[in-house]
Amino acid sequence: MTRQLLKAEIHCHIEGAAPPAVTEAQARKYGVDTAAFLRDGAYQWRDFSEFLIAYDAVAALFRTEEDYALLTEAYLAELASINTIYSEIIVSPDHGDRIGLGADAYLAGICDGIYSAKEKTGIEARIIVTGERHFGPDRVVSAAEYAARAKNPLVTGFNMAGEERMGLVADYARAFDIARDAGLGLTIHAGEVCGPFSVTDALDLVKPARIGHGVRAIEDEALVARLAELGTVLEVCPGSNIALGVFADFDSHPLKKLKDAGVRVCINSDDPPFFGTSLAREYEIASQTMGMSNTEINDMTRTALEAAFVDEGTKATLL
Ligand code: ES4
Ligand code: ZN
């Protein structure tokens, strides 16, 4: 039973964790019609571009500090209930800015949710500020500058998510330089929608400790060897990949192949209700569908904790 195993994840987008029922309640509260992206209790999208549009529409329904505090606490409480001891939450200050809440209140709400969940359940969490690639290089630089000056003890990393097909990693490298100089841990979405070249570009130009997804590295044997050699951690999100059609089915998903090749991998939920999944289900899939042993599953949890952007003192209590 994977239920009893301790779990951890280091890749979940906060708005992507909003259950459809919560989003519907938000829409009612603000008088917004959700038909374009949420019908019959399910998020509606057909491909990655539509997914990003739906995601941004959902984000625009969380409008106050309290909206974000409740969303964050509910997500973490659910994780804690399935024995999860650590989570890194991907947050985009642009979403706070876009809705007129402002980045500071957006972040404060998320921090409130983290502190409440910690108090009630003991779950530890940290925040990764992300730039959204499809908002353009200037906004991604602004997100990095915001993260760098936040001096918030919960903000420990910087990421770039969004439309991987927009521009080249080189266009966004300056944002990562700013975040690196501020001492933040670096991770970047790559090798999800685009092929191995995007992972190579990320390694060459960003030198991140971790990569979000990175699974399409499997198409290039030399790149897989390079990832293993570097010890770069891949934040793998199998259910997300299948839902978005990156791989046809779980049997052809490369999680186990990457692990067997010596790549450091871990299991993550990404945007669970958008992809009909949960962290519990992702662990279940690794175990039941992919046939990974409890030892292998525990290795991946340990990898997530080892790769966590958290101070060494806290990390020691988790490992
Ligand atoms: C995302 Cl699955 C995925 N890929 C890229 N950007 C994202 N933002 C939220 N989910
Ligand atoms: Zn993601």
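Two residues are in contact if their C-beta atoms, placed from the backbone, lie within 7 Å. That rule is used at several stops on this tour. The model is predicted, so local features are given only where pLDDT is at least 70, side-chain atom pairs count only at pLDDT 80 or more, and totals for chains, interfaces and linings use all residues. Residues are numbered from 1 along each chain as its sequence is written, while chains are lettered from A and ligands numbered from 1 in the order in which they are written.

**Stop 1: helix α8**

Select residues 196–205, which form helix α8. Helices (H or I, at least four residues) and strands (E, at least two) are DSSP runs, numbered from the N terminus. Which residues of α8 are buried? They are S198, V199, A202 and L203. A residue is buried if 20 or more other C-beta atoms lie within 10 Å of its own, exposed if 12 or fewer, and partly exposed in between, with C-beta atoms placed from the backbone. Turn the view to look down the axis of α8: the buried residues fall within an arc of 135°, so they line one face of the helix. The arc is that of the directions from the helix axis to the C-beta atoms.

Next, show what these buried residues pack against: α7 (169–181), β7 (185–190), β8 (210–213) and α9 (221–230).

**Stop 2**

Move on to K207, in the loop between α8 and β8. K207 is not a glycine, yet its phi is positive, about 50°. Most residues other than glycine have a negative phi. K207 is partly exposed, with 13 other C-beta atoms within 10 Å.

Now select K151, in the loop between α6 (137–150) and β6 (155–161). Its phi is also positive, near 45°. Is K151 buried or exposed? It counts as exposed, because it has 8 C-beta neighbours inside 10 Å.

**Stop 3: ligand 1**

Select ligand 1 and the residues around it: H13, G16, Y55, A161, G162, H189, E192, S240, D270 and D271. A residue is taken as near a molecule if its C-beta atom, placed from the backbone, lies within 6 Å of it. Colour this shell by residue class to see 2 nonpolar, 5 polar and 3 charged residues. Here Ala, Val, Leu, Ile, Met, Phe, Trp, Tyr, Cys and Pro count as nonpolar, Asp, Glu, Lys and Arg as charged, and the others, Gly among them, as polar.

**Stop 4: two annotated residues of the shell**

Select D271, in the loop between β10 (264–267) and α12 (279–289). An unreviewed UniProt entry covers D271 with the annotation "binding site". UniProt positions are given in the numbering used here, feature names are shortened, and annotations may be inferred rather than shown by experiment. D271 counts as buried because it has 27 C-beta neighbours inside 10 Å. Which residues are in contact with D271, leaving aside its neighbours within four places in sequence? They are H13, G16, Y55 and S240.

Go on to E192, in the loop between β7 and α8. The unreviewed UniProt entry gives E192 the annotation "active site". E192 is buried, with 22 other C-beta atoms within 10 Å. Leaving aside neighbours within four places in sequence, E192 is in contact with E164, H213, V215, R216 and V246.

**Stop 5**

Select β10 and look at the side chains. R264 and C266 point one way, V265 and I267 the other way, and all are buried. In a regular strand the side chains alternate between the two faces of the sheet. Two strands pair if DSSP finds at least two bridges between them.

Then select β1, where 7 of its 7 residues are buried. β1 and strand β4 (residues 84–91) pair in the parallel sense over 5 bridges. E9 stands opposite S87 in β4.

**Stop 6: two distances**

Select P19, in the loop between β1 (7–13) and α1 (20–30). P19 is partly exposed, with 15 other C-beta atoms within 10 Å. Draw a line from P19 to K315: they are 296 residues apart in sequence and 30 Å apart in space, C-alpha to C-alpha.

Finish at A222 in helix α9, which counts as exposed with 10 C-beta neighbours inside 10 Å. The C-alpha atoms of A222 and E306 are separated by 25 Å, and the two residues are 84 residues apart along the chain.
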